[in-house]
Amino acid sequence: MVVVDALFAVQDEDVARGQLEHRRSHLPERTALDDAEAARQATATEVERIGLERLDHAHRQKRYEGEVAAVEARLADLDAKLYGGAITSPKEATSLQDEMGHLRKRQDDLEGQVLEIMELIEPLEAELLALAAIGESQDATLAGARTLLDETEAAIVADLAASAERRSIAVAEVPDEVLARYEKGRRSFGSSAVVRFSGSDCSGCPYAMPAVEADRVKFMEAGTLTDCSECGRLVVR
Ligand SMILES: [Zn+2]
C-alpha cells in the first residue's frame, strides 16, 4: 500500500470509529429501554401504594371481624344463660335482654363497617389486577427493548473490532514519523487531519490557497505528503 493511501485508510477508520462510538453513546434503543424501565417502575410504585392501602383496610377489616366474633360469643353466652333456666327473676331476664339488644346493635354496626371496608377494598383489587396486566405487558416490552439494545450494541462492537483490524493493517504501512504528524493534526482537525490537494487548493483550507503556496504543492510529485502552510493540515499532492 502506498504510504498516503495507507494514511487515508487510517483516517477513514479513525472517522468510522468516532462515528460508531458516537452512535453507541446515543442509541435510541437505550432511550427506549430507559423509558420502558421508567414506565415499569411507575407501575411497581403504584402497585406498592395501592397494596399498602389495601393492607391497611384489611387490617381494619380483621379487627372489626374480631370484634364481631367477640360480640357473637358474648351473645351466645347470654342466650344460653337466658334460656338455660338459670335466670329466676324477670328483672334479671329483662336486663339480659337489654344487654343482648345493645350487643345486636353493636354487631350490626360492626358488620356494617366490615361491609364498608370490603367495598373500599374491591376497587383496589380491581386496580391491582389491571396493574398486574399492565406490568406483565411492560415486562415484555422491557425484555424486547433490552434484547434490541444488546443486539445493536453487539453489532457496533463487531463493527468497531473490524474497523480496528483494518486500521492496524493500514497503520503498519505508515512510517512512525508520518503517523505522529497525523496524530498531532487529528487533535486540531479531527476527521480532516490529512486532505488531498484538489489541483489548485488544499481541500482542507476554508479559503483559497495563496497562489505561491498552491504552486509549491502543485509542482510536487503526485502522492507527496506536505504540510499546508495555510491551515496546517497534512496535504497530499
Ligand atoms: Zn490547507
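Me: How is the protein divided into domains?
Reply: This is a predicted model. The protein splits into domain 1, residues 16-170, and domain 2, residues 176-236.

Me: What distance separates the centres of domain 1 and domain 2?
Reply: The centres lie 69 Å apart, taken over C-alpha atoms.

Me: Is the protein a compact globule or more spread out?
Reply: First, the elements: the protein has 5 helices and 3 strands. Its radius of gyration is 42 Å, well over the 18 Å that the globule rule gives for 237 residues, so the protein is more spread out than a compact globule.

Me: What box do the C-alpha atoms fill?
Reply: Roughly 135 × 35 × 25 Å, along the principal axes.

Me: Where is Glu173?
Reply: Glu173 sits in the loop between α3 (90-171) and α4 (176-189).

Me: How far apart are Glu173 and Val47?
Reply: In space, 63 Å from C-alpha to C-alpha. In sequence, they are 126 residues apart.

Me: Switching to the metal. Which residues are the protein donors of the zinc ion?
Reply: Four cysteines, each through SG: Cys202, Cys205, Cys228 and Cys231. They lie 2.2 to 2.3 Å from the zinc ion.

Me: What spacing do those donors follow along the chain?
Reply: The zinc donors follow C-x2-C-x22-C-x2-C.

Me: What is the geometry of the site?
Reply: The zinc site is tetrahedral. Angles among the 4 donor atoms run from 97 to 114 degrees.

Me: Why does that count as tetrahedral?
Reply: Four donors count as tetrahedral if all angles lie between 85 and 135 degrees. The 97 to 114 degrees at the zinc ion therefore qualify.

Me: Is Cys228 buried or exposed?
Reply: Cys228 is at 3% relative accessibility, so it counts as buried.

Me: What about Cys231, buried or exposed?
Reply: Cys231 is buried too, at 16% relative accessibility.

Me: Last one, contacts. What share join residues at least 24 apart?
Reply: 70%, among contacts between residues at least 6 apart in sequence.

Technical notes. Residues are numbered from 1 along each chain as its sequence is written. This is a predicted model: local features need pLDDT of at least 70, side-chain atom pairs count only at pLDDT 80 or more; totals for chains, interfaces and linings use all residues. Side-chain values use heavy atoms; hydrogens and water are left out. Donors are N, O and S atoms within 2.8 Å of the metal (3.2 Å for Na, K and Ca); water is not among the atoms, so sites may look incomplete. Four donors count as tetrahedral if all angles lie between 85 and 135 degrees; four count as square planar and six as octahedral if opposite donors are over 155 degrees apart and all others between 65 and 115; anything else is irregular. Buried means under 20% relative accessible area, exposed over 50%, partly exposed in between (1.4 Å probe, protein chains only). Helices (H or I, at least four residues) and strands (E, at least two) are DSSP runs, numbered from the N terminus. The radius of gyration is taken over C-alpha atoms; the globule rule is 2.2 Å times the number of residues to the power 0.38. Contact means heavy atoms within 4.5 Å. Domain bounds come from an automatic or database domain assignment.
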